[in-house]
Amino acid sequence: MSDSNSSSSWNNIPSPASASSPAANDQNNTFMQTYTARRRQILDVLNVLTSLGCPMECRLQYGDTWSCNVMLRFEFDSGGNRLSTPREVSFGSLITDKADVTARLRRAQRAILRPTIDANKFLDDSDLETNGASLSFSKNYVCIHVQGPEVPDLTFYDLPGIIANVSDGGNEKDIQLVEDLAKMYISQPNCIVLLVITCETDFENQGAYRLIKADESLKARTVGVLTKPDRIEPGNEQRWLKILRNESNTLENGWFAVKQPDFQQLERGISWEAARIGERDFFSTTQPWSRLEDKHRNRIGTTALADHLGQMLSDLASTKLPAILASINRLLEDVDEELKNYPAPTYDDPKREIIMLLRNFTKDVAKHVEGLPPSCTDNPADPSTAGLVYSLNKEYDAFRLRVHRTAPQFRPWESGDSLHSGVRRNLLKEVKADDPPSGCTGNEFYIEEVMDLAERSRTRELPGNYPFAVKVTYIDETIRTWPSLADKCFEKVRDIMIDHINRLVQEHFGRYTHGGLLEAVNNVVKEQLTRREAATRKKIESICRGETRPCTQNEDYFFYFRSKLLVKYKAVYQKSKGHGSIFGLSSEDPPTERRLVNEAMAALAKLNFHGLKPDDLVKLFPESKMDPALEIMSEARAYFQGPTTLFPSIETVAYKRFGDNVPNQIDASFVSGLDDDLELALVYTIPDTDTCSKWLQESPQMANRRTALNERKKRLEAAKANLAPIVRLLSRSIFTEPSQPPQSPVSSAPSTPVHEGVYLVDRPASPDYPEPSPVYAVPSPAVSQSFPSPPAPIESTDM
């Protein structure tokens, strides 16, 4: 049905308001006929959606010729767990004779209840000769597709009735299994529930209404049906009439009463027309139904129920179509987006195509190496979305922090000093002011340990002189872990780079796995990464060797740091001995000491000692035997030192130099180096034209996926084309009026053919079916996985 044709036919429909005109009767008849056609169009549109793969149990569909196809649908394993992929098995050939349906369905039910036996054995009843237990109930089901010229457009599920007990030897778990099965269907918020209650058993003993009563929202979408009215115990008629009048056990949509053929009549092959005549005769001649008030007579009979349910289906479908159309539009967008990953091959020159693919890839690599701005939706913690340069910089920062944490931990007081906890805490705070917030990993060296090493290292030096090797010892202690830190930094950068490049390779060449292009590019990239890794490791080793001999050209910075640290260490040492203060180096000095320091600085200024700072007062302390150790400590730490809280503007010496050189070398030799060499290496791999053609061959899976996506797109576009005019009509409130119960008496013919509503058959008890099976009916089709807001199914739960 094309969009243009649909628009024309729908736009010419008369309005219901026209019934008030002079030609009201004729126009009203025209409107009702058109309204019936409109309902039919809705069901036709829903049939289009069925092709999107929604699982059904029994799908009835209008067709030119009658046929029936039976399948076994397995959605749960033997333990009741849902399968990741449902399995549907065709059960026998296509049926063209209605007489063969009953036997085929009974055999299919046996196959579902004995899933361990080959399904083909049930077709000729050979399963009856196979020993083994049978399940009482199963969540898997028989799927039936019936087509024909007199078949109604609907889908229904035949569910087992709610049970309260099991027979001797039965499984008690079946009680809960059946109840859970019913709850699984009726819990869908968009479904209509058909509650079937048999009049031959007390209402209170039938558990189906209990499920409805437990949820108020179910009452609003439930239609009650009373069956087997001929089996009411004498004297109980008024009790059931109160239910039919909706005076007790009320439902928002009320109750209907129907009478279906019994088992013997079905065995004799009673026709639909004869069954309806028998039903009308029963209700018109049997008391108390024959004397029912006129306002309730439209609630008895299958025709009245079918017409009412057909109206509800149309109204419900009308309200859901806009949401379905929106879902189709979203699915079309998803399909179009995925189709971009499966473009059809459209090249004339294979070699030129290969060159363009490789060039686009290397350009993309260059952009990532240079640095791309992030997207607003990128997750920086996700390596697949974080930018390459961002990820590398994070690792470089972490490397610098690890190097900073190797700073020597000098303690300018004796380890055996009995210091008050508060004093020790203040001293530690002073010497750790230059450490990173996360702390340092190096060993602690107390002043007496440094002095002892200095004394033991002397050879023939003059008094007061100590070998340079002592300072080198402490510097080496600091930098001995730097080579391993540099290696770990490079390995992390290498892994980040490999992961990022591999993702780019997959993005550009992932669809060329079948012909070998992806493998060829991967081999070149791997070879280049290996070459760049070897060259980078050599350069990192060279940087590490350069740090083994303490040396710096930053003399001014070194002397500045050494002087500052020496003053600080001397002040801390004197403080540990209880002499003097930190002289303004610490905020922990008492106010009285800070006042005395200020007075001393003012007095020195009066004596023409200008330009002095409070820490210069440390030099007034007399020489100590620990002074050489303090000088060694300050010089070793000054060589390592970087910007500190006290001297934030001062450049660094060893640690910052190493922390910069290693990342810079990795970035230049490995990251940018790969970008520099990759394009040339890939160009050299371009083979002859025949090999290029082979490289570009796509896999059958790719072609099949593209075909499937295009077919899905066609189905979605067809559904959209059919839905769009209906949705436009709905915006004019044609279908927005709530449906009303049928007003015609039970004996009158329905204004709408039965096949446009819901066709229900209440199957009586039999040896094969000891309990009457309920009917679960849905409009054809119910949309599930493809559409988030499906048209509501109609379900029934019987006892």
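**Helix packing and local details**

Reply: In α18, the residues Pro-483, Ala-486, Asp-487, Phe-490, Glu-491, Arg-494, Ile-498, Ile-501, Asn-502, Val-505, Gln-506 and Phe-509 meet Leu-517, Leu-518, Val-521, Asn-522, Val-525, Leu-529, Glu-533, Thr-536, Arg-537, Ile-540 and Cys-544 in α19. Contact means heavy atoms within 4.5 Å. Helices (H or I, at least four residues) and strands (E, at least two) are DSSP runs, numbered from the N terminus.

Me: What should I know about the source?

Reply: This is a predicted model, where local features need pLDDT of at least 70 and side-chain atom pairs count only at pLDDT 80 or more, while totals for chains, interfaces and linings use all residues. Residues are numbered from 1 along each chain as its sequence is written, and side-chain values use heavy atoms, with hydrogens and water left out.

Me: At what angle do the axes of α18 and α19 cross?

Reply: At roughly 160°, and the axes of α18 and α19 (residues 517-546) come within 11 Å. That makes α18 roughly antiparallel to α19. Axes are lines fitted to C-alpha atoms, for helices over the stretch in contact, and angles run from 0 to 180 degrees between N-to-C directions. Under 35 degrees counts as roughly parallel, over 145 as roughly antiparallel, 65 to 115 as roughly perpendicular and the rest as oblique.

Me: Is the crossing of α18 and α19 left-handed or right-handed?

Reply: α18 passes α19 in a right-handed crossing.

Me: OK, which residues of α14 and α18 make their contact?

Reply: α14 (residues 388-404) and α18 (residues 482-509) pack at about 170°, with their axes 10 Å apart. That makes α14 roughly antiparallel to α18. α14 contributes Leu-388, Ser-391, Leu-392, Glu-395, Tyr-396, Phe-399, Arg-402 and Val-403, and α18 contributes Trp-482, Leu-485, Ala-486, Cys-489, Lys-492, Val-493, Ile-496, Met-497 and His-500. By class that contact has 12 nonpolar, 2 polar and 3 charged residues.

Me: And how do α16 and α17 cross?

Reply: The axes of α16 (residues 447-457) and α17 (residues 468-479) come within 9 Å and cross at roughly 135°. That makes α16 oblique to α17. The crossing of the two is right-handed. Glu-449, Val-450, Leu-453, Ala-454 and Ser-457 of α16 make the contact with Val-470, Thr-473 and Tyr-474 of α17. The classes are 5 nonpolar, 2 polar and 1 charged.

Me: Switching topic. Which residues touch the most other members of the largest nonpolar core?

Reply: Phe-361 and Phe-509, in a core of 80 residues. A nonpolar core is a set of buried Ala, Val, Leu, Ile, Met, Phe, Trp, Tyr and Cys residues joined through side-chain atoms within 4.5 Å. Buried means under 20% relative accessible area, exposed over 50%, partly exposed in between (1.4 Å probe, protein chains only).

Me: What does Phe-361 touch?

Reply: Not counting residues up to four places away in sequence, Phe-361 touches Leu-504, Val-505, His-508, Phe-509, Val-521, Val-525, Leu-678 and Leu-682. Apart from that core lies another, of 26 residues, including Cys-191, Val-193, Ile-197 and Phe-203.

Me: How many residues overall, and what share is buried?

Reply: The protein has 799 residues, and 46% count as buried. Its secondary structure comes to 25 helices and 12 strands.

Me: Now the backbone. Where is the cis peptide bond?

Reply: Between Gln-287 and Pro-288, with omega about 5°. Pro-288 lies in the loop between α10 (272-285) and α11 (294-297).

Me: What is phi for Lys-228?

Reply: Near 55°, a positive value in a residue other than glycine. Lys-228 sits in the loop between β7 (222-227) and α8 (237-244), and counts as buried at 9% relative accessibility.

Me: And is Asn-608 buried or exposed?

Reply: Asn-608 counts as exposed, at 61% relative accessibility. Its phi is also positive, near 70°, and Asn-608 is in the loop between α21 (591-606) and α22 (627-640).

Terms used. Left-handed = near helix turned anticlockwise from the far one by under 90°. Nonpolar A, V, L, I, M, F, W, Y, C, P; charged D, E, K, R; others polar.
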